[in-house]
Amino acid sequence: MADVSHLESRQGHLIAVVQELSLARSLNDVTAIVRHAARALVGADGATFVLRDCGQCFYADEDAISPLWKGKRFPMETCASGWVMQHAQHLVIEDVFVDPRIPGDAYRPTFVKSMAMVPIRKARPIGAIGTYWARHRVAGEDEVRLLQALADSTSIALENVELYNDLERRVRDRTAQLEALNDELGAFAYAVSHDLRAPLRAIAGFSRALDERCGAQLDARGRDCLDRVRRGADRMDRMIDDMLDLSRVGGGVDSPRRQSIDLSGLARSVAAELQAGHTTHRVCVVVQDGLVVLADAGLVRLLLQNLLGNAFKFTRPCAEPTVEVGAQVSPAGELVYHVRDNGVGFDASRQEELFGPFCRLHDASEFPGDGIGLATVQRIVRRHRGRIWAESALGSGATFFGPSRPRASILSLRTSAETRTRALAAAPSRRW
């Protein structure tokens, strides 16, 4: 009964070691775990971790009552670990000085009298685990099975480490590629801005000079052509600014700089700025109190400028234009934030086009713009590891949504318990 209990204890220890090996992320982690475990499993006075290295046996690590061969290399044909790897089978030796399979001289400077060694991986072994005793002893079958189970788990752990390191290398390479690409895009955006603006300034300048000198002499057709040239130059200038904004938002592999932001106050501030520029188009903006986000302040302001700017623009035909910024808890338990308007809406079947750069779902003559705003918004959301979507129908306004949930949320939106209660109860919000 005592032997059975002792074996069960060792098996329990082995299970714990296997779990520990599953979390190892480097060769050093694996060797440190295995050298201690091998010695403890069979009550040995020493243990070694040996790797096959270009036709040699490399003693990578050890745990013993006195030094053995850590850091040394031996030809495969001259040591016990080489025999184990070449024959792909375990080796048990009661007296190391009389067994012809190993050179006794290598053991004379050590404490070793007996040993047991198993291969790491049965097919084409990549290493071996050795255990040693300072007295004559024969390792039992149960002990050999425990050591072999440890070696098999070690083989899997080494493969996992190789895969993990390969994945890390690929991530580093991909990150370097993305950083290089981002630098190229930044340089390209600067070149576009610089190179396009030079002829654009010439067009704008000469058209202005033409207007000042010859404007009175132009007939209606000539005046219309000149106005078209000047409007085109202005639109191109805005497009260049939009392209630069889009490239800046999408650039970089670093996470946004997050801080706690009063989203309610920021939304009211952006709405006030927009209203100041729309003196003939008065919009009722309703902002829910107590909304807070953990996000990049500059990017959130740009996001609101685009979403609220669109809402202002597309509510222009409405008799009582209204825009709402708020949040409510979804059936899935997510706190979903929204910007909603009662404007002209859009065709829901074309929603996939909505966030594409330079994509427009309305005629430019009716609603001017460059189709960059929502692409910028989507990039801001993605940089915060979130998602955004919209719901609408023609003539029924549009609503843009983003959920707040742990670890992967749009802008990592959050709210207090009091705000969450207000959202559920749909309590009145202050109007701007």
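## Confidence and overall make-up

The model is predicted, and its chain averages a pLDDT of 80, with 83% of the residues scoring at least 70. Over residues 405–432 the pLDDT is below 50, although this stretch still has 73 contacts in the model beyond near neighbours in sequence. Where pLDDT is low, the predicted coordinates should not be read in detail.

The chain has 432 residues, of which 42% count as buried, and its secondary structure comprises 9 helices and 15 strands.

## The nonpolar cores

The largest nonpolar core contains 39 residues, and the members that touch the most others are Leu304, Leu308 and Phe400. At least two residues of this core come from each of helix H6 (263–276), strand E8 (284–287), strand E9 (291–295), helix H7 (297–314), strand E10 (322–329), strand E11 (335–341), helix H8 (373–383) and strand E13 (398–404). H7 provides the largest share, with 9 residues. When neighbours within four places in sequence are set aside, Leu304 is in contact with Leu263, Leu266, Ala267, Val270 and Gly309.

Another core, of 30 residues, lies apart from this one, and its members include Ala24, Val30, Ala37 and Leu51. In soluble globular proteins, nonpolar side chains tend to be buried together.

An open sheet is formed by 6 strands in the order E3-E2-E1-E6-E5-E4, with antiparallel pairing. Strand E3 (73–75) and E4 are the edge strands, each of which pairs on one side only, and the twist averages 20 degrees from one strand to the next.

Helix H3 (residues 80–87) is mostly covered, since 6 of its 8 residues are buried, namely Ala80, Ser81, Gly82, Trp83, Val84 and Met85. These buried residues pack against strand E1 (46–53), strand E2 (56–64), strand E4 (91–93), strand E5 (114–120) and strand E6 (127–133). Just after H3, Ala88 takes a positive phi of about 55 degrees.

## Strand E9 and its partner E7

Strand E9 presents a covered face, made of Leu291, Val293 and Ala295, and an uncovered one, made of Val292 and Leu294. Strand E7 (residues 259–262) runs antiparallel to E9 and is joined to E9 by 4 bridges. Within this pair, Ser260 stands opposite Leu294 in E9, a residue of the uncovered face.

## Cysteines

The structure holds 0 disulfides. Cys214 has a relative accessible area of 27% and is therefore classed as partly exposed, given that buried means under 20% and exposed means over 50%. Cys318, with a relative accessible area of 21%, is likewise partly exposed.

Technical notes
Residues are numbered from 1 along each chain as its sequence is written. Side-chain values use heavy atoms; hydrogens and water are left out. pLDDT is the predictor's confidence in each residue, from 0 to 100. Contact means heavy atoms within 4.5 Å. A nonpolar core is a set of buried Ala, Val, Leu, Ile, Met, Phe, Trp, Tyr and Cys residues joined through side-chain atoms within 4.5 Å. Buried means under 20% relative accessible area, exposed over 50%, partly exposed in between (1.4 Å probe, protein chains only). Two strands pair if DSSP finds at least two bridges between them. Axes are lines fitted to C-alpha atoms, for helices over the stretch in contact, and angles run from 0 to 180 degrees between N-to-C directions. A disulfide is a pair of cysteine sulfur atoms within 2.5 Å.
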